[in-house]
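Below are my notes on the model, point by point. Please read them with the structure open.

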Amino acid sequence: MLSKTSRVSFLLNSTQFCQQSLHLKVHRTVSKTFINRALQYFANNDITDLNFEFTPLSDEHFEAAADVLPKGLAQLNLNGCREISERTIMIIGKQCQKLNRLELYWNCRITDFAMKKLASSCKDLEYVNLSGCKYLSDQTVVALCENCPQIRHLNLTRMPKVTEKVFKNIAESLSQLTYLNLYADADLSDNSFRALAQSPFGKLTFLDFCGCKHITDQSVIALTDRYKELTYLNLTWCISLTDKAIVEGVAKHLTKLNLLSLFGIVTITDQSMEAMLTSPIRETLETLDINGCREITQKSEEELKGLFPKLRVVVFHS
């Protein structure tokens, strides 16, 4: 057994503390009481941010630390913590009700039941990353919409159980939403995007629809008309789209776009390029990916940068 001095030394070498933020740096198994001891050691520092990203923590670590989790915790990063389940989420919802940022990327054990409980307790959430949480469904999204109206950042990447049914909730409830990521949610119907375009708020600046194969021209036109402040629009592999989406939507309505990816849309032609070159986005685009758009006359990187003055990146999707 390690001496007290050795335990403190290991704790300090395994954590990084800076300005109320505690970051666990170990990537090997630690004792079940490690988090408890770390939080007690820094208890006088008013911790508001815990970062446990890609660490081998389990429910047992959080159960042992439940009583010392900071009541004022605002940010919690559990990205890649694949061994935690609803047991941990229930503890967090009970003990850390001031959370405004929660990251749960790549967790395949968390359930709707736990997330609904958390949403009902942590009503100040503004930033939610559920990317890759493949067992969460519409129930979780609806609970967030109903309980956490201040959400501005919502990442629903690779969540196959999320359906068109929730997009009316998102559009009507999340008045502060500026970021929505639906990357690789390939089975979403076009009704999802039509509902999103009916939002009374119109604050979105970031939309990622990569792989959303059912989105149509009319939905892109409606979305770009509704969200004129868009700076990021990823339409990679949105294979139902044609020139109409760009000519009557993107080029017509958007004036601040920094990133546009049309990668892999084989029906896009020079007509779209011509529309973009006569629109305000000619002066704002910094990233433009038209690779795989085989009906567009191929241009070198230098030629593209000559056409779009601020262009820096021509390969976005790879």
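1. Asp59 is buried, at 3% relative accessibility (buried means under 20% relative accessible area, exposed over 50%, partly exposed in between, with a 1.4 Å probe and protein chains only). The side chains of the two, Asp59 and Arg87, meet in a salt bridge of 3.7 Å, N to O. This pair links distant parts of the chain, with Asp59 in helix H3 and Arg87 in helix H4, 28 residues apart. A salt bridge here is a side-chain nitrogen of Lys or Arg within 4 Å of a carboxyl oxygen of Asp or Glu. Asp59 and Arg87 also belong to a network of salt bridges with Glu60 and Glu63.

2. On sources: this is a predicted model, in which local features need pLDDT of at least 70 and side-chain atom pairs count only at pLDDT 80 or more, while totals for chains, interfaces and linings use all residues. Residues are numbered from 1 along each chain as its sequence is written, and side-chain values use heavy atoms, with hydrogens and water left out.

3. How many salt bridges does the rule give? The count comes to 12. One of them joins Lys305 to Glu301, with the closest N and O atoms 2.7 Å apart. Lys305 and Glu301 are separated by about one helical turn, because they are four residues apart in helix H12 (residues 301-307). Lys305 is partly exposed at 30% relative accessibility, and Glu301 is partly exposed at 36%.

4. Arg282 and Glu283 form another salt bridge, the closest N and O atoms being 2.7 Å apart. Arg282 is partly exposed at 25% relative accessibility; Glu283, at 40%, is partly exposed too.

5. Helix H4 (residues 86-95) has Thr88, Ile89, Ile91, Ile92, Gly93 and Gln95 buried. Their cover includes helix H3 (59-65), strand S4 (75-77) and H5. Helices (H or I, at least four residues) and strands (E, at least two) are DSSP runs, numbered from the N terminus. The protein chain has 12 helices and 12 strands.

6. Leu144 lies in helix H6 (residues 138-147). Is Leu144 buried or exposed? Leu144 is buried, with a relative accessible area of 2%. Neighbours within four places in sequence aside, Leu144 is in contact (heavy atoms within 4.5 Å) with Ala119, Leu125, Val128, Leu130, Pro149, Ile151, Leu154 and Leu174. Cys238 lies 94 residues from Leu144 in sequence and 27 Å from it in space, C-alpha to C-alpha.

7. Phe54, Tyr105 and Trp106 make a nonpolar surface patch of about 280 Å². Patches are made of residues with over 30% relative accessible area and no salt bridge; like charges are joined within 9 Å, and nonpolar side chains (Val, Leu, Ile, Met, Phe, Trp, Tyr) within 5 Å. Tyr105 sits in the loop between strand S5 (101-103) and helix H5 (112-121). At 32% relative accessibility, Tyr105 is partly exposed.

8. For the chain as a whole, buried residues make up 52% of the 318 residues. Among contacts between residues at least 6 apart in sequence, 81% join residues at least 24 apart. The C-alpha atoms fill a box of roughly 70 × 40 × 25 Å, taken along the principal axes.

Technical notes
Areas by Shrake-Rupley, 256 points an atom, 1.4 Å probe, with all protein chains shown as cover.
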